[in-house]
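Hi,

Here is the structure I promised to pass on. Have a look first, and my notes follow below.

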Amino acid sequence: NFEHASHVAMSVTKLLSRIVNPRQHNIEASKTSPSAVSDVAASIHDHTFGITSDPLTHFAAFFSALIHDVDHPGVPNPVLMEEMPMMAENYKHKSVAEQNSVDLAWLLLMGDEYKEMCEFIFENVEEMKRFRQLVINMVMATDVMDKELGALRKDRWKKAFDEEYREFKSEDEDKNRKATIVIEHLIQA
């Protein structure tokens with residue numbers, strides 16, 4: 001319902017606004033020169049894996065929070081799969097409610113009535129693909145009852161943050177992996 005979606009959207013927005021380094025240098029002192037302000041901004045960007053300085057990610061999180069339960073009948077996925085076998089088959093019996101929410105919301109967003117708004121959200125096809133993937137990842141992360149998806153999330157967290165399991169390929173891939181898993185956990189909060 002709209003009340004639930006609004007509450008989740010406000011919560012995600014508030015959490016996003018708080019993703020900063022608590023041990024950050026004194027920001028007041030940094031206001032003495034433009035280069036100091038730039039240094040602080042770069043430090044926060046790096047510390048948050050780019051999340052705080054990416055407006056597309058911020059909007060994707062807000063949008064995902066709003067749409068994560070579109071057309072949700074109020075029953076868990078196993079019940080939904082029994083009650084709606086065609087839908088379950090369509091989504092290969094995985095996160096049926098979540099996938100349906102993404103599909104319906106995306107169809108609506110891509111409609112002619114939102115064309116002008118979409119031009120402001122993403123300027124090109126690459127940004128649209130990135131936005132869609134962010135939305136899919138975040139909405140799928142709201143399926144907290146799927147044990148397999150939960151195990152995969154835990155594994156990604158280990159690979160991103162646990163030195164013992166960490167897979168390091170490149171700076172960008174490492175940052176992107178960390179940002180993705182942080183955002184998935186943020187949408188669950």
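Let's start with Phe2, which sits in helix H1 (residues 2-17); helices are DSSP runs of H or I with at least four residues, numbered from the N terminus. Phe2 counts as exposed, at 67% relative accessibility (exposed is over 50% relative accessible area, buried under 20%, partly exposed in between, with a 1.4 Å probe and protein chains only).

Before going on: this is a predicted model, where local features need pLDDT of at least 70 and side-chain atom pairs pLDDT 80 or more, while totals for chains, interfaces and linings use all residues. Residues are numbered from 1 along each chain as its sequence is written, and side-chain values use heavy atoms, leaving out hydrogens and water.

Now the aromatics. The structure has eight aromatic pairs (ring centres within 6.5 Å for Phe, Tyr and Trp, the last by its six-membered ring; planes under 30 degrees apart are stacked, over 60 edge-to-face, the rest tilted). Phe59 and Phe131 are stacked, because their ring centres are 6.0 Å apart and their planes at 20°. That pair links distant parts of the chain, with Phe59 in helix H4 (residues 55-67) and Phe131 in helix H9 (residues 125-141), 72 residues apart. Phe59 is partly exposed at 30% relative accessible area, whereas Phe131 is buried at 0%.

Last one: Ser95, in the loop between helix H6 (85-90) and helix H7 (96-109). Ser95 is buried, with a relative accessible area of 2%. Beyond its neighbours within four places in sequence, Ser95 is in contact (heavy atoms within 4.5 Å) with Asn77, Met140, Asp143, Asp146 and Leu149.

Cheers

Note on methods
Helices (H or I, at least four residues) and strands (E, at least two) are DSSP runs, numbered from the N terminus.
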